[in-house]
Amino acid sequence: TKQEQLKHAEFVYYEYAQQLMGAKIKTASFLANAAMTDVQRQQSLSSVDEEIATNVCIDDDKVNVVPKIEVALDEEKIFTFIDQIGSVITHAAPKTPIFRVLDVSPSTVSLRFENASKDVDVIIQTALCVNRAEAAVDAKRRDDDDDRKFEWTESKCVYPSEDENVCTVVRLMQNQKYFIRARYRNGYGYSTYSSHKTLRTKKIGLLIDSKSSILGGYEKQTLCNLLNARKFPFKKLKCLYSSMRDGLDVNTCHRQCQNHENIMFVIHTSDGNLFGAFTATKWITNNTVDQKDEESFAFVLRSNKYAYLPQIFNILCRESMAIWYHSKYFCLMGTGYDISIYKTCGKSDAYTYACKGNYDMPTKYHLNGDKKTFTVTNIEIFTCLQ
């Protein structure tokens, strides 16, 4: 009947609507490809800009129903959509990082990212090559199944320069082979990992007494890095006194350090900071005479202030006091004094503190994380040898 024919025609139109929806989905898939140029988009969309039609003949009582639909895409509206929506798609997934190695030290590696932008965070992973078998696998299958081949760990990074595209991976072990890879992250998700690079950290050139309880592996490497950059002339640090080993006693300290020269102090505070100082003078206990030393410097190895990186601070005035070997103090350095470690430093007192005086520190209480006074959990004193 004619009513049945009309229902059939409505069904055919419904089928066409589904085809049109498929065309829209196909168009959206083109927009999702952020790598396409405008010309490529236009060429792809032209394949959709076509007539979608069909003819249906129903020969019943000589009634012919010929439903037909034509699809015409408005190019101007389409490309407006691409400009407005396509740009969001472009930034949704960061590109795979491209980076190169700038510098390698015993405990750090500096990397420059060639395609980084301000809206992405850099995530760096390292894997330690523990045997020759891994190195052989790496040579044959450099980028296949990295997650199964190596034990990747996310590395701590710092940004020591104004160049936002340069970062430094820290806390690596000296003289070790590492694999390193990276990916980007933004508010929409993660990029794929880059191909990994292979490198070997440098060997420490300074030998530090194995009896030291205050300097762990990372702290030793950090100190060596600072001293190597300064072209420190000594090759060995011998521990003369350790409060953990010898007890926190100022008389024992003076007795064991007396007549030694090229002295280095390392102090660990209850706030978790690790800092110290060096003087080339000779240890002679004297309660009235201080000494000048233009070779003296202070340093910080670890700070509870994340932004305070390991650093050496030179003496400002060569004519001012550098060191005073006072019998009541473990350490008394600088004008003011920059580092004052009194005999009762194991508990809170007004004579144990760090304060900017004669050394070129950026903030007043920089050594102890912007806090003046502290208690000492450990102090070690070394003599530096050739």
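## Aromatic pairs

In this predicted model, the count of aromatic pairs comes to 14. In one of them, the ring centres of Phe 232 and Phe 278 lie 5.2 Å apart and the ring planes meet at 85 degrees, so this pair is edge-to-face; the class applies to planes over 60 degrees apart. The two residues come from distant parts of the chain, 46 residues apart. Phe 232 belongs to the loop between H6 and strand S11 (236-242), while Phe 278 belongs to strand S13 (residues 274-282). Both Phe 232 and Phe 278 are buried.

A tilted aromatic pair is formed by Phe 265 and Trp 283, with 6.0 Å from centre to centre and 40 degrees between the planes. This pair also links distant parts of the chain, since Phe 265 sits in strand S12 (residues 261-269) and Trp 283 in the loop between S13 and S14, 18 residues apart. Phe 265 counts as buried because its relative accessibility is 0%. Trp 283 is likewise buried, with a relative accessible area of 0%. Buried residues are those under 20%.

Aromatic residues also gather in a group: Phe 232, Phe 234, Phe 278, Phe 297 and Phe 299 form one aromatic cluster.

## Enclosed cavities

Rolling a probe the size of a water molecule over the atoms shows where empty space is left. The structure has 2 cavities of 30 Å³ or more. The second largest cavity has a volume of about 30 Å³.

Phe 265 and Trp 283, the tilted pair, both take part in the lining of this second largest cavity. Strand S16 (residues 329-333) provides the largest share of the lining, with 4 residues. By class, the lining of the second largest cavity consists of 9 nonpolar residues, 2 polar residues and no charged residues.

## Cysteines

The structure contains 0 disulfides.

Cys 331 counts as buried because its relative accessibility is 1%. Cys 317, in contrast, has 33% relative accessibility and therefore counts as partly exposed.

## The largest pocket

The largest pocket holds about 670 Å³ of space. Its lining is made up of 28 residues, and Thr 108, Val 170, Thr 222, Leu 309 and Pro 310 are those nearest the centre of the pocket.

Strand S1 (99-104), helix H6 (217-229) and strand S14 (297-302) each contribute at least two residues to the lining of the largest pocket. Helix H6 contributes the most, with 6 residues. By class, the lining of the largest pocket comprises 13 nonpolar, 9 polar and 6 charged residues.

## A sheet that includes strand S1

Strand S1, which supplies residues to the lining of the largest pocket, also belongs to an open sheet of 4 strands. The order of the strands is S1-S2-S6-S5, and their pairing is antiparallel. The edge strands are S1 and strand S5 (157-158), each of which pairs on one side only.

Strands of a sheet pair through backbone hydrogen bonds, either parallel or antiparallel. Strand S1 and strand S2 (residues 109-113) run antiparallel and are joined by 5 bridges. Val 104 has Val 109 in S2 as its bridge partner.

Note on methods
Residues numbered from 1 in each chain as written. Predicted model: local features only at pLDDT ≥ 70, side-chain atom pairs only at ≥ 80, totals over all residues. Heavy atoms only, no water. 1 Å grid on protein atoms, 1.4 Å probe; cavity = no way out; pocket = protein on both sides within 12 Å on 5 of 7 lines; lining within 4 Å. Points joined across faces, edges and corners; volume = space filled by probe spheres on them. Nonpolar A, V, L, I, M, F, W, Y, C, P; charged D, E, K, R; others polar. Disulfide = S-S within 2.5 Å. Buried < 20%, exposed > 50% of the residue type's maximum accessible area, 1.4 Å probe, protein only. Pairing = 2+ DSSP bridges. Phe/Tyr/Trp six-rings, centres within 6.5 Å; stacked < 30°, edge-to-face > 60°.
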